[in-house]
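Got the viewer open and a hand on the selection tool? Then let's take a walk through this model, one stop at a time.

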Amino acid sequence: MTPQDRYFLFLQGPHGPFFAGLAKIIKLSGARVEKIGFNQGDAFYWRDKSTYTGFFKASEEWPDYIAQKLAAGVTDLVLYGDERQIHQVAIAEAEKQGIRVHYFEEGYLRPYWVTYERSGVNGYSPLMDIPIVAMRRALQNLKPEHPKAPARWGELRSHIFHGGIYHFQVLVRNGRYPNFSSHRAKSVGQEFYSHLKKLIRMPYMAVKTVRERFQIFQSGLNYHLVLLQLEHDASIRLHSDYDNLQDFARDVIEAFAKGAPKHHSLVFKAHPLDDFSNGLPRFIRQCAKEHGLKGRVRFVHGGRLARLLDQASSVVTVNSTGAQQALWRGIAVKAMGRAVYSKRDLVSDQSLDAFFANPTPPDRNAYEDYRRYLLATSQIVGGFYTRRSRTRLFRPIVDFMLADKDRYEILATPSAVITPQRDSA
């Protein structure tokens with residue numbers, strides 16, 4: 001099928017102009033593009049109004065609406081994440097009609113890569129069912145080179161900025177979309193306030209984090225690092241057995257009290273986008289006190305993960321992608337949810353208290369092969385939120401989307417030739 005025969009329908013994307021820029025280049029290939037927007041934030045970031053269609057109806061009408069829209073010649077559906085109800089309905093209908101679905105998500109190897117797949121992401125990714133032995137067979141068709149991490153480009157600040165702009169548009173200019181409701185538990189006003197608060201408090205939190213990290217490094221104690229995620233994250237809600245982070249934190253603290261050596265400590269590291277509205281730091285302090293761990297449990301509100309990992313004895317998480325940085329360092333990882341890296345030889349299958357007593361490290365060779373496989377398939381160099389990172393991503397991704405086969409299929413073909421992504425300048 002030539003680009004001129006393709007019709008790409010975009011649904012909701014990451015906050016900011018990434019989807020609009022992507023559609024612009026796809027349109028240059030000769031393909032038709034269209035965007036369905038659900039609120040003023042979607043409309044604001046989609047500058048080409050000739051290809052924009054607003055969905056103003058009640059949510060009950062969405063299944064029939066999207067079925068008719070897809071049946072009108074759409075060949076490709078493009079979306080960010082697969083957990084939103086509007087996306088799940090659209091995906092089911094697209095599969096029924098034989099329409100290709102393109103999934104974008106934050107990178108499994110973030111922050112320098114994004115995820116692009118055609119069969120689902122996170123717990124729905126094909127990676128969940130591919131053992132490392134099969135990855136190694138496929139890698140026989142691949143040259144040993146793979147891209148290095150590019151230079152940093154300030155994604156976090158830009159992510160928060162675009163999130164604030166997006167939710168401001170929805171909060172004050174959403175009159176044309178009376179039936180819109182967020183897929184998250186927070187209201188639009190709460191989302192906007194959260195982004196605004198994070199931007200305003202960045203200098204204060206930076207100072208607070210420096211002090212917290214200094215105390216950890218100066219204590220001289222071995223510590224086990226707990227990587228927290230956002231409570232509304234689909235990885236928590238859909239791909240774990242936890243309903244909230246408090247239950248996860250309680251399990252970790254109880255197991256640490258039972259199994260960890262008395263001279264070890266426990267450090268909870270917050271997600272960089274968390275606004276702490278759920279009171280988790282206070283809950284953790286109280287839970288630690290109840291288990292006689294006062295002084296042995298700490299909370300870090302932010303900062304870069306790398307140095308904390310460099311000195312950690314182990315890592316515990318639900319299914320944070322940050323655990324991959326630990327695996328790369330050869331640090332033992334216990335994943336309490338379902339993660340794309342939950343493979344034999346990578347994460348520990350010990351009970352949590354036994355893990356704290358004597359954590360089993362990963363097989364470094366297995367992880368290197370796993371990482372090479374990700375870089376050859378689902379991980380694309382670039383980012384969603386800054387101009388530099390989007391430009392880096394646009395160059396390869398449009399050709400990947402126009403290709404008849406996805407990179408999993410290509411790599412599995414004996415005669416496959418995978419073009420390595422070039423290192424960033």
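**Before you click**

What you see is a predicted model, so local features need pLDDT of at least 70 and side-chain atom pairs count only at pLDDT 80 or more, while totals for chains, interfaces and linings use all residues. Residues are numbered from 1 along each chain as its sequence is written, and side-chain values use heavy atoms, with hydrogens and water left out.

**Stop 1: charged pairs**

How many salt bridges does a search of the whole structure find? The search turns up 9. A salt bridge here is a side-chain nitrogen of Lys or Arg within 4 Å of a carboxyl oxygen of Asp or Glu.

Select Asp48 and Lys27 to begin with: their closest N and O atoms are 3.3 Å apart, and they form a salt bridge. This pair links distant parts of the chain, 21 residues apart, with Asp48 in the loop between helix H2 (40-44) and strand S3 (52-54) and Lys27 in helix H1 (residues 18-28). Helices (H or I, at least four residues) and strands (E, at least two) are DSSP runs, numbered from the N terminus.

Next, pick Lys69 and Glu34, another salt bridge, with closest N and O atoms 2.9 Å apart. Lys69 lies in helix H3 (residues 62-71) and Glu34 in strand S2 (residues 32-37), so this pair ties together parts that are 35 residues apart in sequence. Buried or exposed? Lys69 counts as buried at 19% relative accessibility, and Glu34 is buried at 7%.

Now go to Glu93 and Lys96, whose salt bridge has its closest N and O atoms 3.6 Å apart. These two sit 3 residues apart in helix H4 (residues 85-97), so about one helical turn separates them. An α-helix has 3.6 residues a turn, so residues three or four places apart point the same way. Glu93 counts as buried, at 13% relative accessibility, whereas Lys96 counts as exposed, at 66%.

**Stop 2: around Phe44**

Select Phe44, in helix H2. Phe44 is partly exposed, with a relative accessible area of 22%. Which residues is Phe44 in contact with, leaving aside its neighbours within four places in sequence? They are Lys49, Ile165, Gln169 and Arg173, where contact means heavy atoms within 4.5 Å. For a sense of scale, draw a line from the C-alpha of Phe44 to the C-alpha of His239: it spans 32 Å, and the two are 195 residues apart in sequence.

**Stop 3: one face of a helix**

Jump to helix H5 (residues 132-139) and colour its buried residues, which are Ile132, Met135, Ala138 and Leu139. Look down the axis of H5: these buried residues fall within an arc of 115°, so they line one face of the helix. The arc is that of the directions from the helix axis to the C-beta atoms. What do the buried residues of H5 pack against? Show helix H14 (364-376) and helix H16 (407-412), and you have their packing partners.

**Stop 4: a pair of strands**

Strand S10 (residues 314-317) runs parallel to S11, and 4 bridges join them. Two strands pair if DSSP finds at least two bridges between them. Click Ser314 and look across to Ala332 in S11, which stands opposite. In S11, Ala332 and Lys334 point one way, Val333 and Ala335 the other, and all are buried.

**Stop 5**

Most residues other than glycine have a negative phi. Asn122 has a positive phi, near 55°, and is found in the loop between strand S6 (113-117) and H5. Asn122 is buried, with a relative accessible area of 12%. Asp345 also has a positive phi, of about 80°, although it is not a glycine. Look for Asp345 in the loop between strand S11 (332-335) and helix H13 (352-357), where Asp345 counts as partly exposed at 42% relative accessibility.

Methods. Buried < 20%, exposed > 50% of the residue type's maximum accessible area, 1.4 Å probe, protein only.
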